[in-house]
Amino acid sequence: MTLLKYILLGLGVVTIAGCIDEIDLNIDNDSQFVIVDGLVSDVPGEYQVKLDFSPVIGVGNDNILTPISGARVELNGSDGSSVTYTEDEEDLGVYKAFTSVEPGVSYQLDVVTPDGQSISSLPTVAPEPTLDITELNFDVSSIESFNAVGNVISTDFVDLFVSIDLAGKERHPVRYRLDGEYQYQEAGRMLLNPRICYIKETTDFNNIAILNPDEIASDRIDNFQLFSTLMTFKFNQIYCFHVFQYALTDEEYNYWSRVEELVNIDGTLFDPPPGSIVGNLVNNTDENGRVQGYFSVVGQKSDRFFVDVTDKGAFARSECEDGFAGRNNPPRCSECTLINNSSLVRPPYWEL
Amino acid sequence: MKKNLIFLFCFLILALNCVAQTSLPDTIFAGKASTSTQGKLYDIIGEVVDANDESTIVGATIQISNMSGGAVTDEDGEFRLRLPAGTYDFIVRYLGYEDFNLHISLYKDVGFSLDLKPSSVQLEQVVITDKAANENIEAVVMGVETMDIKRLESRSQLFGETDVLRSIQSLSGVTSVGDGASGFNVRGGNSDENLILQDDALIMNPTHTLGFFSLFHPDMIESVDLYKGNQPAYYGGRLSSVLKVGLREGSKEKMKVRGGIGMAASRLTVEGPIVKDKASFIVGARLGYMNYLLNAVKDIDVQNSRSSFFDITLKADARVTEKTKIGFSSFISGDEFQFADEVNFDYTTRTGTFYINQLISDRFNLTLNANVGEYESSLFDIQGNDLSRFTNKVSFVRPSIRGFYEVKEGLELTAGASYDVFNVSPGTLTPEGEGSTAIPESLPNEKGIAVSPFLQVDWSINDKLSFSASARYTKYDRVGPGDVLIYRDGFFRNEFTVEETQSFGEGDVIASFGGWEPRVSLRYALSETASIKAGFNRGFQYLNQISNTASSTPVDIWKLSDTYATPQTSSNYNLGFFKNFDDNSISSSIEAFYRDQDKIIEYRDFADLLLNPNLERELVDGVGRSFGVEANFKYNKDDIQWEVNYTFSRSFRKVLASDTQLAINNGDWFASNYDKPHSLNVNMTKKLSRMTNLSLNFTYSTGRPITAPVSNFSIDNVLNIPIFSERNRFRIPDYHRLDVSYSIGPFGKIEKGQEHKLVFSVYNLYSRRNAYSVFFRQVPSRSISVFRISTLGSIFPSVTYNFKF
């Protein structure tokens, strides 16, 4: 009977759960593509356009882009406006300008690379952001799984939701981007004056949050999930989400829908075949030269939201221990400025 | 007219003989010798059945002693001989049965039924038989594979289940895109290019449980015929192949029960007479139960998943008069699969067949056939705020008539017509639950009508040369109601290039197509043991599965050809050489094929296929070509059988479009999803002892093509977006595995018809981790890594208990 049980268990595991292992697919490739990544909105501020060559898979650290330095980058409006971007001397390939766009006006990005290639974005009319972020809230959820010895363990996640009133509003597609900021309390053995750091981070946002209200029957979107992340030590105190809601054109929404599809492809027999995503960038010099990326002209709404997981009865452990137990703390526990993008200055908007 | 009356008279005599006899003596006296009988030819019509269960035996040989020649029983277990008056000794043989010696004094037409007794040790699981030992040499049409239940049982058994689809994938020219794929691919064609029939009823999805089981109840199967090359003229509408599964008739003698209990599915069959010796029924049911296996997996999502299926097959037949036979069969199946709390889908198949077979004369046979059926699938999105159910359905009605007429010995005519009506419901989205934000949607139904008359001539001109030629004409109308958007000529179809909308009322012809589908096969015998054959056929396809995934899914929609999705066509050329050795115990063949396809349906990148009212904007026309060579070798001697099938083949597509965004791979040829250049299957079965048999199966094929990322980029510094290669530029790793099957039995009171049997099988003996799929994931410090999911990446032992009483 025991043998049968194990046979059944084995069958079930391999049948349904399957097994996953990394393989060498022998992808030989020498293609490099020009990448354009830029955004400009109706909110005045410093915006950037990033120009790179894509990495070649299998050559060195194939995650590193090659910056395109020395290019000429301009934003031209149909109203005759023109803004020239300046390359950041400390961050080659990144071109910056203090600007904004006017809803209803058409804009086009024009780039000339050092080797003479002319690249333009398709003229895009800046959309009017008509939808407000009505409400942000969060919840703590748990996912149960089995550990290596077969016991059920529970892992907590922080989920962020948005609600939007649509009644009487002109509907347009939206995309969300998040930035994170958290409070970090120093702790440890023999630490007399523990300080608090405020650390900005790019959220682990390797997913797409897009929404098309035209596909929704009701006059309100309730609790659309923007983000879900592990409840780590960063939630031990206060965590702040900076939420940016971009009003998109239909063309840009289609682009992000395809990106979402591509990012979520599992490669199973039942997945559609991946393909090349065509953005809004055209190589005027070489019609076969593929340019990847997107230059976004958007209308922007933003909000920030503070998360205290204790409001939901949860508790996120600090990575720093007090007293004798703190002998194994990482160095940042007693010197929080070691953490990238940290500051001892409390932001003026920080919630008490 | 007089000749017809003679035929009729002869037939009456034969038919009466058939009905009158119940048991057969070893000697038959058919008339008496006289001067009037000298030199005359008389017909012998016989039926060969299993003495135990009265099931017909297909492929039994009737050999005339001291003469060359004989006959082989057809798919109804019947044979026909025409011989000069005289006395003859016959030996009736079929592997696994005792030889039957028969003496006939032939001085008038005679008909009878022969009961073959199973040999004391049946060779179930071991015997591989074709219709005749030299069938491969003598048959005019090539590319035809016939498998009876014994041959099926010798093939790979996952979970101990004898499986039609898994078995035919071991044949040359037949592949699938991977473990768990729905359907199969023949000579580089899509899975929807196969016409799959069970008792002539159309099966839209031949699989259970996402492709791990086939729909066909193994204990109900009489025979399985796969036409890879030329198809009989009666069949049409699909470009690649015809898979014809025949259901057997129930016993007309006594009630019988058989079944099997397996680890993932069990089955039961009951059969018996309705009117003894005249009418019978057979009903079989299967139940698949994977839930307890899922619950045993230590993964919460898997534990919350469900998978189950059932099917019920029923067949009844009756010989109403000595000339008339009627019957019907019905089939219903249901599947349900749910993964965690995310998605649930189910699908059902329902078919019904009714037929009347009327013998008009001893040379003229008429069959009326009516098939109805439907396939319905639904996908339930049970996550998020927009809970909804998507359903789609296709149904058909197909009355047909066909007549067979033997003009003279060696010259046969088959003619008839079919009338197909298809109704397709391409999709309905229904919100589920009160709080759902999903918007209800429904696409208009589609209706198509196809009328196909045909004529087929089979002629053995002499001992060496014979041919089969047919002309089939299909007239297809896509009928209203419906609206058709007319786009600006020469422009990419989108909302901006719409010029007008044409509306059609109920029954109006929206689009009409028609064409000849010629089919020709030639055979030239080089000797008694060698022949060469050639064939050509052309066909159209009007009903297409809309799927841009590597394997079709149970919820893929079907679409009728219309103004923009015009009928696909395929011209197929075949050439083969066949040679047998050692008294036909060794047979070999080599066949070459070339397929030229036009108007094949391809999809633009990121095609939106679900609930799209303007599907024509997502589809692009393509052309295709496939070619290959198939080599087969069979050895069948003493207690061991070998079968080796090797195929080299290529399959390509090309999509040219005026808009560069629609052209795939810049308009160059690219490998289709089914392009697997090398494919090898080796099957060995050996009788180890009186009650034990061993079977080994090895299969190998080149990995299927995939599109892989060749670079990547990031947006907002965080989101990594892969840049993919041209379509299908790379391949997943090669596929291979070895399966073993060991059977004990039959044991029990065999002489009383009570049998028990145990089958132990091991699937994937050396635990090859074949890629079910390949996916790409970013890992730290590297852009993209390649991972393989091996759904069946381990050894699969199973045991099945089969019984019969």
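## Strand β3 of chain A and its partners

In this predicted model, A:Lys50 stands opposite A:Val94, a residue of β7(A). The two strands concerned, β3(A) and β7(A) (residues 94–99), run antiparallel and are joined by six bridges.

β3(A) covers residues 45–53 and also pairs with β2(A), residues 34–41, in the antiparallel sense over five bridges. In that pairing A:Lys50 of β3(A) has A:Asp37 opposite. Three residues lie between β2(A) and β3(A), and the two strands form a hairpin.

A further antiparallel pairing links β3(A) to β4(A), residues 66–67, over two bridges. Here A:Phe53 stands opposite A:Thr66 of β4(A).

## Two domains in chain A

The domain assignment divides chain A into domain 1, made of 34–127 + 250–297, and domain 2, made of 135–248 + 301–343. Between the C-alpha centres of these two domains of chain A the distance is 29 Å. Eleven residues from domain 1 of chain A and ten residues from domain 2 of chain A take part in the contact.

On the side of domain 1 of chain A that touches domain 2 of chain A, helix α2(A) gives the most, with eight residues. The residues of this side of domain 1 of chain A divide into five nonpolar, three polar and three charged.

## Helix α2 of chain A

α2(A) runs over residues 250–263. The helix has 14 residues, and from its first C-alpha to its last it reaches 20 Å, close to the 20 Å expected at 1.5 Å a residue.

Which residues of α2(A) are buried? They are A:Glu252, A:Tyr255, A:Trp256, A:Arg258, A:Val259 and A:Leu262. These residues lie on the same side of α2(A) because they cover an arc of only 155° around the axis.

## Chain B in outline

Chain B contains six helices and 51 strands. Of the 805 residues in chain B, 48% are buried.

How much of the contacts in chain B with a separation of 6 or more is accounted for by residues 24 or more positions apart? Such residues account for 65% of those contacts in chain B.

Methods
Residues numbered from 1 in each chain as written. Chains lettered and ligands numbered in written order. Predicted model: local features only at pLDDT ≥ 70, side-chain atom pairs only at ≥ 80, totals over all residues. Pairing = 2+ DSSP bridges. Helix = DSSP H or I, 4+ residues; strand = E, 2+ residues; numbered from the N terminus. Domains from an automatic or database assignment. Contact = placed C-beta atoms within 7 Å. Nonpolar A, V, L, I, M, F, W, Y, C, P; charged D, E, K, R; others polar. Expected span 1.5 Å × (residues − 1). Buried ≥ 20, exposed ≤ 12 C-beta atoms within 10 Å, placed from the backbone. Arc of directions from axis to C-beta.
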